[in-house]
Each structure stands twice: as C-alpha cells, then as structure tokens.
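Subject: Structure handover

Hello,

Here is the structure I promised to pass on. Please open it first, then read my notes below.

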Amino acid sequence: MVQLRRVGSPLSCNMANKGPSYGMSREVQSKIEKKYDEELEERLVEWIIVQCGPDVGRPDRGRLGFQVWLKNGVILSKLVNSLYPDGSKPVKVPENPPSMVFKQMEQVAQFLKAAEDYGVTKTDMFQTVDLFEGKDLAAVQRTLMALGSLAVTKNDGHYRGDPNWFMKKAQEHKREFTESQLQEGKHVIGLQMGSNRGASQAGMTGYGRPRQIIS
C-alpha cells in the first residue's frame, strides 16, 4: 500500500503565492519619502510661525518633527483661520489640543474643508491619513504651498510673511465689452447666418454611402 505524504498546508501555499507585499509597500513608501523637500519644510515652518504667532512653537527638523507638529490639526486650523477676518473664522479651535485619535483626525478634516473653501483645488489637497499616518508628507507640503500661494495672490491684508515665499496663482483675464461692441457682434453673426440661407445639400452623399461617379 502506497502512502501519500502531505508536504504543505493550503495556508502556507497561499501565503507563498502572495509575494513580498510588505517589501513592495516599503519600496513605494521610500519613493514617496524622497519627494519630501526639507528646504521647503523650513520655508513652510517659518511662514506658519509668522502667520499664526510664536505660540505655535517650532518643530524638530525633519519629516517626523513636521508630522508631529501638525498631526492633531490645531496648528493647521489656526493657519487657515488666520487668513480670514475676525468674526468669520471657518474652523473652531479647541482650547485644549485633542488627545483622542478620532478627534485629531476630525480637526485635520475641518482644516481640509476650510482650505478647499478658501480655494485650494482637490488635486492639491492631501488626505487625512497622509499626515496622520505619515503616508505622504510631500502631499501635505503641496497643500500648504497652494494655500500660501492663494493667500499671496488674494492680497487681502491677511497674509503675513515674505510674499516671495510663494508664487502667485495665475490670474484669469476677463475681457470687458461695451454695449456697442456687443451689438456689433450680434450684427456680424446675423450676416453670417444670412449668407448661408442659399446653401443646399445638393450633391452631398449620405453617410456611409458610396459616391456615384458619372463618366
């Protein structure tokens, strides 16, 4: 009688087939981290301190220090509030920084909503987990750069700091037309429509039909 020996469990086979997912995620994370700009970090830290005041403190240098500094959402909320006049601050800032995780993430989400309302586009917005879990701090930098650029562009008196820290957003140029120019435009359109009245479709072939050639 031949005995069959079991060489492996289905679980071990399935695990082997999945491949090195952990290693792959580490590789992707490494590429994301390379996009993080330490020089840009210094500029953003200086702006936030000038914009919000010295009470916000100063973070330790580097990605981790930057993340910890902004993680609970309070400083971000103070930043976006500083771009609005008194009496119309968009985000409620708690007296004591939130210690519970969901409260911190909620505070960050409020900042993101206020930043979007201020004019930051969705493509420039980071996700809460990008900051809270440190998944993409380069995206956080991108959002803050977009916010600063908008503040400099609006030039409404609420921006504090060196205007050269940020590039102005491209301004939309709207052409103004006088009433006589508008009426003249309508007249030209009317003449163009009139010149087409004698046109016909004679000699045109239907779509997909072969054209007849008479020799």
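Is Glu133 buried, partly exposed or exposed? Glu133 is partly exposed, because its relative accessible area is 47%. On this scale buried means under 20% relative accessible area, exposed means over 50%, and partly exposed lies in between, with a 1.4 Å probe and protein chains only.

Some ground rules before the rest. This is a predicted model, in which local features need pLDDT of at least 70 and side-chain atom pairs count only at pLDDT 80 or more, while totals for chains, interfaces and linings use all residues. Residues are numbered from 1 along each chain as its sequence is written, and side-chain values use heavy atoms, with hydrogens and water left out.

Salt bridges

Side chains of opposite charge can pair when their charged atoms come close. I counted a salt bridge when a side-chain nitrogen of Lys or Arg lies within 4 Å of a carboxyl oxygen of Asp or Glu. The structure holds 7 of these salt bridges.

- Glu133 pairs with Lys135, at 3.6 Å from N to O. Lys135 is partly exposed, with a relative accessible area of 40%.
- Glu46 pairs with Arg58, and their closest N and O atoms are 2.7 Å apart. This pair links distant parts of the chain: Glu46 sits in helix α3, Arg58 in the loop between α3 and α4 (63–70), 12 residues apart. Glu46 is partly exposed at 31% relative accessibility. Arg58 is exposed, at 53%.
- Glu106 pairs with Lys103, with the closest N and O atoms 3.9 Å apart. Both belong to helix α6 (residues 101–118); they are 3 residues apart, so about one helical turn separates them. Glu106 is partly exposed at 39%, and Lys103 is partly exposed at 37%.

Helix labels come from DSSP: helices are H or I runs of at least four residues, numbered from the N terminus.

Helix packing

Two packed helices are described by the angle between their axes and the distance between the axes. Axes here are lines fitted to C-alpha atoms over the stretch in contact, and angles run from 0 to 180 degrees between N-to-C directions. Contact means heavy atoms within 4.5 Å.

Take α3 (residues 38–52) and α5 (residues 74–81). Their axes come within 9 Å and cross at roughly 65°. The crossing is left-handed (the near helix is turned anticlockwise from the far one by less than a right angle). From α3, the contact uses Trp47, Ile48, Gln51 and Cys52; from α5, Ile75, Lys78 and Leu79. These residues divide into 5 nonpolar, 1 polar and 1 charged. Ala, Val, Leu, Ile, Met, Phe, Trp, Tyr, Cys and Pro count as nonpolar, Asp, Glu, Lys and Arg as charged, and the others, Gly among them, as polar.

Next, α3 and α8 (residues 137–154). They pack at about 50°, with axes 11 Å apart. That makes α3 oblique to α8 (angles under 35 degrees are roughly parallel, over 145 roughly antiparallel, 65 to 115 roughly perpendicular, and the rest oblique). This crossing is left-handed. On the α3 side, Leu40, Glu41, Arg43, Leu44, Trp47 and Ile48 make the contact; on the α8 side, Gln141, Leu144, Met145, Leu147 and Gly148 do.

A buried residue

Last, Asn81, found in α5. Asn81 counts as buried at 8% relative accessibility. Leaving aside neighbours within four places in sequence, Asn81 is in contact with Lys89, Pro90, Val91 and Val93.

Best wishes

Methods
Helices (H or I, at least four residues) and strands (E, at least two) are DSSP runs, numbered from the N terminus.
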